[in-house]
Amino acid sequence: YEYKLWREAVFKRDNWTCIWCGKKGGELNADHIKPFALYPELRFAIDNGRTLCIDCHKTTDTYGKKLLTNNIK
């Protein structure tokens with residue numbers, strides 16, 4: 001429930017717009033700037049979130065399992 005509230009707050013703050021490319025609406029992701037798994041104290045901090053469209057989100061260093069594979073190298 002807290003995660004859902006966090007997502008909605010991030011989307012609302014960013015006006016449901018990707019902060020990188022400016023795409024408005026559609027399928028958007030609330031991305032954690034500092035990774036969810038590594039910074040538990042920041043999981044629900046609004047300042048640690050940003051609205052990204054799926055294409056922009058895929059380019060982040062932490063999208064999907066990139067974080068795990070990047071730390072193995």
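**Strand pairing, core and surface of the predicted model**

Asparagine 29 has leucine 52, in E2, as its bridge partner. This pair belongs to the antiparallel pairing of E1 and E2, which runs over five bridges. The structure described here is a predicted model, and the values below were computed from it.

The protein chain contains three helices and two strands. In sequence order these elements give the pattern α-β-β-α-α. The chain has 73 residues, of which 29% count as buried. Its accessible surface amounts to about 5,100 Å², and carbon and sulfur atoms account for 56% of that area. When contacts between residues at least 6 apart in sequence are considered, 55% of them join residues at least 24 apart.

Strand E2 was examined in more detail. Five of the five residues of E2 are buried, so the strand is largely enclosed by the rest of the structure. Burial applies to both faces: Gly49, Thr51 and Cys53 lie on one side, Arg50 and Leu52 on the other, and all are buried. Threonine 51 is part of this strand, which spans residues 49-53. Threonine 51 counts as buried because its relative accessibility is 0%, and the cut-off for burial is under 20%. Apart from residues up to four places away in sequence, threonine 51 touches Val10, Phe11, Asp14, Thr17, Cys18, Ile19, Leu28 and Asn29.

In soluble globular proteins, nonpolar side chains tend to be buried together. The largest nonpolar core in the model has nine residues in all, namely Trp6, Val10, Phe11, Cys18, Leu28, Ala30, Leu52, Cys53 and Cys56. Helix H1 (2-13), strand E1 (28-32) and E2 are the elements that give two or more residues to this core. H1 provides the largest share, three residues. Cysteine 18, a member of the core, is in contact with Lys23, Leu28, Thr51, Leu52, Cys53 and Cys56 when its neighbours within four places in sequence are left aside.

Charged side chains were considered next. Side chains of opposite charge can pair when their charged atoms come close. The count of salt bridges in the model comes to two. One of them joins the side chains of arginine 50 and aspartate 31, with an N to O distance of 2.7 Å. Arginine 50 lies in strand E2 and aspartate 31 in strand E1, so this pair ties together parts that are 19 residues apart in sequence. Both of these residues, arginine 50 and aspartate 31, are buried.

Aspartate 14 is buried, since its relative accessible area is 14%. Arginine 13, by contrast, has 39% relative accessibility and so counts as partly exposed. Aspartate 14 is also one of the residues touched by threonine 51.

With a relative accessible area of 45%, asparagine 15 is partly exposed. Tryptophan 16 lies in the loop between H1 and E1 as well. Although tryptophan 16 is not a glycine, its phi is positive, at about 50°. The relative accessibility of tryptophan 16 is 37%, so this residue counts as partly exposed.

On the surface, Tyr3, Phe36 and Phe44 form a nonpolar patch, and together they have about 260 Å² of accessible area. Phenylalanine 36 is located in the loop between E1 and E2. Its relative accessibility is 34%, so phenylalanine 36 counts as partly exposed.

Key. Residues numbered from 1 in each chain as written. Predicted model: local features only at pLDDT ≥ 70, side-chain atom pairs only at ≥ 80, totals over all residues. Heavy atoms only, no water. Helix = DSSP H or I, 4+ residues; strand = E, 2+ residues; numbered from the N terminus. Buried < 20%, exposed > 50% of the residue type's maximum accessible area, 1.4 Å probe, protein only. Contact = heavy atoms within 4.5 Å. Core = buried A, V, L, I, M, F, W, Y, C linked by side-chain atoms within 4.5 Å. Areas by Shrake-Rupley, 256 points an atom, 1.4 Å probe, with all protein chains shown as cover. Pairing = 2+ DSSP bridges. Patch = residues over 30% accessible without salt bridge, like charges linked within 9 Å, V, L, I, M, F, W, Y side chains within 5 Å. Salt bridge = Lys/Arg side-chain N within 4 Å of Asp/Glu carboxyl O.
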